Amino acid sequence: PLVAPAMKSHPRVLQAAVQSSALCSNRAFILDAVTSRGQILEFAETWQSDCEIALAAVGQDGLALKFVAAALLDDVDLQAAAVQQNGLALELVAPAHKGDFRVLRAAVQ
């Protein structure tokens, strides 16, 4: 893994690493970081529109949906993954998808 165990247990260290110029352009590092702590997507602005990275982030923490680029908010699978991980993410789902069966089913699983 690219993210050291010490970084995973210290969110501020991980945040600083994600924001560093040396690592913020490293896609593999960012993917590993959001897989460890989904909310770190907030600080990886360049990657918020990357579907795989966004999916990894919401898969780890559904509330990371609030940091996903608007362009991805039409992706029902992404929103379903977020609410499946954390039902509270339903509040963050795009209004057009709040009644979508896949999203609602994921929220109660």
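**Close-up views of helix α4 and its surroundings**

**View 1. The buried face of α4.** In α4, the residues Ile53, Ala54, Ala56, Ala57 and Val58 are buried. This is a predicted model, so please read every view with that in mind. The partners of these buried α4 residues are α3 and α5, against which they pack. As a reminder for looking at any such view, an α-helix has 3.6 residues a turn, so residues three or four places apart point the same way.

**View 2. Where α4 meets α5.** Helix α5 covers residues 76–85, and its axis comes within 7 Å of the axis of α4. The two axes cross at roughly 20°. Because angles under 35 degrees count as roughly parallel, α4 and α5 are described as roughly parallel to each other. On the α4 side, the contact is made by Ala54, Leu55, Val58, Gly59 and Gln60. On the α5 side, look for Leu78, Ala81, Ala82 and Gln85. Sorted by class, this contact has six nonpolar and three polar residues, with no charged residues.

**View 3. Aspartate 50 at the start of α4.** Let us step back to the loop between α3 (27–36) and α4 (51–60), where aspartate 50 is found. Aspartate 50 caps the N-terminal end of α4. To see the cap, find the side-chain oxygen of aspartate 50 that lies 3.1 Å from the backbone nitrogen of glutamate 52.

View 4. Is aspartate 50 buried or exposed? Its relative accessible area is 17%, so aspartate 50 is buried, since buried means under 20%. Leaving aside residues up to four places away in sequence, aspartate 50 touches Arg27 and Leu72. With arginine 27 there is a polar contact between the two side chains, at 3.1 Å.

**View 5. The whole protein, for orientation.** Zooming out, the protein has six helices and zero strands, giving the pattern α-α-α-α-α-α along the sequence. The protein has 109 residues, and 41% of them count as buried. The accessible surface comes to about 5800 Å², with 57% of that belonging to carbon and sulfur atoms. Among contacts between residues at least 6 apart in sequence, 38% join residues at least 24 apart.

Note on methods:
Residues numbered from 1 in each chain as written. Predicted model: local features only at pLDDT ≥ 70, side-chain atom pairs only at ≥ 80, totals over all residues. Heavy atoms only, no water. Helix = DSSP H or I, 4+ residues; strand = E, 2+ residues; numbered from the N terminus. Buried < 20%, exposed > 50% of the residue type's maximum accessible area, 1.4 Å probe, protein only. Contact = heavy atoms within 4.5 Å. Areas by Shrake-Rupley, 256 points an atom, 1.4 Å probe, with all protein chains shown as cover. Polar contact = N/O pair within 3.5 Å; in protein donor to acceptor, adjacent residues only side chain to side chain. Axes fitted to C-alpha atoms, helices over the stretch in contact; angles between N-to-C directions. Parallel < 35°, antiparallel > 145°, perpendicular 65-115°, else oblique. Nonpolar A, V, L, I, M, F, W, Y, C, P; charged D, E, K, R; others polar.
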